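Student: I have a structure to look at and would like to learn how to read its features one by one. Could you guide me through it?

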Amino acid sequence: MDAAPSAPPVRIRIEPGRFDPAGEVAWLNALDGAGAVTCFTGLCRAEGGRLAGLELEHFPGMAEEEIGRVVEEACRRWPLLGVHVVHRAGHILAGEEIVAVGTASSHRAASFQACEFVMDWLKTSAPFWKREILADGSFGEWIEAKASDDRAADRWA
């Protein structure tokens, strides 16, 4: 009887500091059998100069656990060889990285789809709360979820 395939390696991290997106996911390129590595990096927008940045809050432990659940689901849906997610929390300036997601698979379709699945989930359901930091340094509004993000996530249901 064949043994069940082992779960692919997964790295999940939430941190306050900046990170190098390419360096974060470079380990995926070296995975045995990798034929495709898909990487997504989300950046903090200035919104035409209106924002200086964002303040992101989360519940430590809970956020990592929830990200882990969606990554497990991606691994069930697609034949992945590895997954990497790093997400910032705290003060993020316009132009800085907020999130990087990387997926590795033998073929590109699985890698693309899994990366998009993880990112769609992060945008709609991950336990992060974003607040605007306006160009004058004052706090603006808490950012609500967008209907377009919900529609993107709905296609995975």
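This is a predicted model: local features need pLDDT of at least 70, side-chain atom pairs count only at pLDDT 80 or more; totals for chains, interfaces and linings use all residues.

Student: How should I read helix α3 as a whole, and which of its residues are buried?

Tutor: The general idea is that an α-helix has 3.6 residues a turn, so residues three or four places apart point the same way. In α3 the buried residues are Ala110, Ser111, Ala114, Cys115, Phe117, Val118, Met119, Asp120, Trp121 and Leu122. They pack against β2, α2, β4, β6 and α4, where α2 covers residues 62–77 and α4 covers 147–154. As for its span, α3 has 18 residues and reaches 25 Å from its first C-alpha to its last, close to the 26 Å expected at 1.5 Å a residue.

Student: What covers the buried residues of α2, and which residues are they?

Tutor: The buried residues of α2 are Ala63, Ile67, Gly68, Val70, Val71 and Ala74, and what covers them includes β1, β3, β4, α3 and β7. Helix α2 has 16 residues, and its reach of 23 Å between first and last C-alpha is close to the 22 Å expected.

Student: Now the strands: in what order do β1, β2, β4 and β6 form their sheet?

Tutor: In general, the strands of a sheet pair through backbone hydrogen bonds, either parallel or antiparallel. Here four strands form an open sheet in the order β1-β4-β6-β2, and the pairing is mixed. Strands β1 (10–15) and β2 (36–43) stand at the edges with a single partner strand each, so one side of each is left without a neighbour in the sheet. From one strand to the next, the twist averages 5°.

Student: How many bridges pair β4 with β6, and which helices pack on this sheet?

Tutor: Strand β4 (residues 80–88) and strand β6 (residues 97–105) pair in the antiparallel sense over seven bridges, and Val83 stands opposite Thr103 in β6. Helix α1, residues 21–29, lies across β1, β2, β4 and β6 and runs at about 165° to β4. Helix α3 also packs on the sheet, where it touches β2, β4 and β6, and its direction makes about 150° with that of β6.

Student: What can I learn from one residue of α1, such as Leu28?

Tutor: Leu28 lies in helix α1, and because its relative accessibility is 0%, Leu28 counts as buried. Among the residues Leu28 touches, leaving out those up to four places away in sequence, are Ala34, Val37, Val83 and Thr103. The C-alpha atoms of Leu28 and Ser105 are separated by 9.1 Å, although these residues are 77 residues apart along the chain.

Student: Which strands form the other open sheet, and in what order?

Tutor: That sheet has four strands in the order β5-β3-β7-β8, with antiparallel pairing. Its edge strands are β5 (90–93) and β8 (139–142), each of which pairs on one side only, and the twist averages 30° from one strand to the next. Strands β3 and β7 pair over seven bridges, with Lys130 in β7 as the bridge partner of Leu56. Strands β7 and β8 form a hairpin with four residues between them, and Gly137 in the turn has a positive phi of about 95°.

Student: Finally, how many residues does the largest nonpolar core have?

Tutor: The largest nonpolar core has 30 residues, and those with the most contacts inside it are Ile67, Trp78, Val85, Val101 and Leu122. At least two residues of this core come from each of β3, α2, β4, β6 and α3, and α3 gives the most, with eight residues. Apart from this core lies another, of five residues, among them Trp27, Leu28, Leu31 and Ala104.

Technical notes: Residues are numbered from 1 along each chain as its sequence is written. Side-chain values use heavy atoms; hydrogens and water are left out. Two strands pair if DSSP finds at least two bridges between them. Axes are lines fitted to C-alpha atoms, for helices over the stretch in contact, and angles run from 0 to 180 degrees between N-to-C directions. Contact means heavy atoms within 4.5 Å. The expected span of a helix is 1.5 Å times one less than its number of residues. Buried means under 20% relative accessible area, exposed over 50%, partly exposed in between (1.4 Å probe, protein chains only). A nonpolar core is a set of buried Ala, Val, Leu, Ile, Met, Phe, Trp, Tyr and Cys residues joined through side-chain atoms within 4.5 Å.
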